[in-house]
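Colleague: I would like to go through this model feature by feature. Please give the general idea each time and then the case at hand.

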Amino acid sequence: MSLEKNLSWEYLKNLADALDSYRIRALIDAKRDILEAGIYSESQYDSILYKMLDEEKLKYTLFNFLKNNSENNLKTLNQFSEISSIDLNKTLSLLELLKNEKLIIAEEIYDKLEGDENNPEKLIFKDFSIKVYEGEISKLKTIYEPVKVIFESKNCSGCGLCAGICPVNCLRIYNGFGKIDEDKCIRCGLCYFVCPRSYLPVKVLNMVQENASEIKDSTKIGYYIEAYSARTKIKEISEICQDGGISSTCIHYLLEKNKIDLAIGAKMSNTLWRPEPFLIKNKEDILLSAGTKYVNNPNLQLLNENELTGKKIAVVGVPCQMQALLKSKIYDIGFSSLNNIEYRIGIFCMESFSYESLLNICKKLDIDINNAKKMDINKGKFFVYTKKGDELNIPIKEISHLAREDCEICYDLTSESADISIGSIGSPSGWNTVLIRTEKGKELYNELIKSKLIESKPIGDVKPGLPLLEKIANSKKTKSKKHINSKLEENKRVPNY
Ligand code: SF4
Ligand code: SF4
Ligand code: SF4
């Protein structure tokens, strides 16, 4: 941050407003506690503080800009982006913050596209209508909210990011549920700021994924450049993987070529079928992490490990974790381990269970969980394959009430915020469906083919292909909307998507 070149009255006004932000105040007041906790070094602390100051300053610049206009809409937001030399998606992310802090009311205006027999009616985004808070900002102090409100409202997906960035390490996610050590908490609100279940500007996420300069509406499986069906050619991986082994092959390639130093993923803990977050550093670790886990796992909690400092990282995770990572690219808190994430490798996810629910499912199937060799969701059923070679199954309908409550409000099946998304739906048994979403994802996939590590076919050449994936992804979105609406009807808190 260069003070010299910005010492205008407007800058000082914005800085004063920024200093009024509870996030900034808490970071300044608790500097000693933060450094003593050992998660952030002094230079890391400075970088986070300056980053937050810059962001707050820009947010208040937008607020003042809107306040000085008689009418505010998308055109005004485009003007602000041009004057400030920032992308529209950045302006929209600031707008979301102002909205959440009740400094503005931004209503979205949609055009209705009539449907026909084959296509349902659709709403297309048209414009914003923005009203600015007229009073003194100092009279509308932002209310500090920790992620405790997300835990208590059962909206927490257990992604682990809040625990991974907490400056005083006073937050833990265990078995999908979070706990804060209130005595240690410095009330900085960073956990709430990064959480994908506090507010998530889905339109901005879509724009960033597509590198678009216009607002993008959500599609059934998110933006993708190319789609394939693929399976690994690496024998050790193919022998133990769940389907096509593509996510393990990605990590294998990235580690071999030193494109990353390590990957964050999950492996089974000493309690079989209860996974735990895991740092993947070599081929043996890749084999330990292979296979689908149906119990929620807070992988992103590992971001606070000192071992990650200065390392190039890949993260393998489910859609809510990919959303958390993309949100933290949009709302950059300057935390180096987050900024060092080179690849987001997303896995398809319909729902997840607590370990206790998984025990319950096994009980329904009359099998001891320790005798289960593999679990799978396919064709509307939950399968358990036993060590003895038996195959047991139960319709998903009969166990969906056992899934985590927060998964009911999850709209994303296919990891729409990843660089590359991998799952089984749409491809034949033993193969993965792969959606390439970003240039980085594309480059990685092409390298896997060039290095002869995978077999790849265009998704159009396989059955059931994308139509089935789109159908299931759409039904997840519809269900999520339904659950969100019923929570709203009961006056319960929901994520601001
Ligand atoms: S969703 Fe993730 S970031 Fe939000 S409270 Fe839960 S674990 Fe923390
Ligand atoms: S729990 Fe949240 S509010 Fe408390 S110190 Fe950690 S990040 Fe800050
Ligand atoms: S269904 Fe959604 S919220 Fe639940 S684990 Fe999967 S991605 Fe996360």
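Modeller: Start with a hairpin: β6 and β7 form one with six residues between them, and Trp273 in the turn has a positive phi of about 75°. Helices (H or I, at least four residues) and strands (E, at least two) are DSSP runs, numbered from the N terminus. The model is predicted: local features need pLDDT of at least 70, side-chain atom pairs count only at pLDDT 80 or more, and totals for chains, interfaces and linings use all residues. Residues are numbered from 1 along each chain as its sequence is written, while chains are lettered from A and ligands numbered from 1 in the order in which they are written.

Colleague: In which sense do β6 and β7 pair?

Modeller: Two strands pair if DSSP finds at least two bridges between them. Here β6 (residues 262-268) and β7 (residues 275-280) pair in the antiparallel sense over six bridges. Ala263, for one, has Ile280 in β7 as its bridge partner.

Colleague: Which residues of α18 are buried?

Modeller: A residue is buried if 20 or more other C-beta atoms, placed from the backbone, lie within 10 Å of its own, exposed if 12 or fewer, and partly exposed in between. In α18 the buried residues are Gly441, Leu444, Tyr445 and Leu448. They lie on the same side of α18 because they cover an arc of only 95° around the axis, the arc being that of the directions from the helix axis to the C-beta atoms. Glu439 and Lys450, on the other side of α18, are exposed.

Colleague: What do the buried residues of α18 pack against?

Modeller: Contact between two residues requires C-beta atoms, placed from the backbone, within 7 Å. The buried residues of α18 pack against α12 (246-256), β9 (341-347), β13 (420-423), β14 (432-436) and β15 (454-458).

Colleague: Why does Ile377 count as partly exposed?

Modeller: Ile377 counts as partly exposed because it has 19 C-beta neighbours inside 10 Å. Its place is in strand β10 (residues 372-378). Not counting residues up to four places away in sequence, Ile377 touches Met350, Phe382 and Ile396.

Colleague: How many residues surround ligand 1?

Modeller: A residue is near a molecule if its C-beta atom, placed from the backbone, lies within 6 Å of it. For ligand 1 there are 15, and the closest are Val147, Cys156, Cys159, Cys162 and Cys195.
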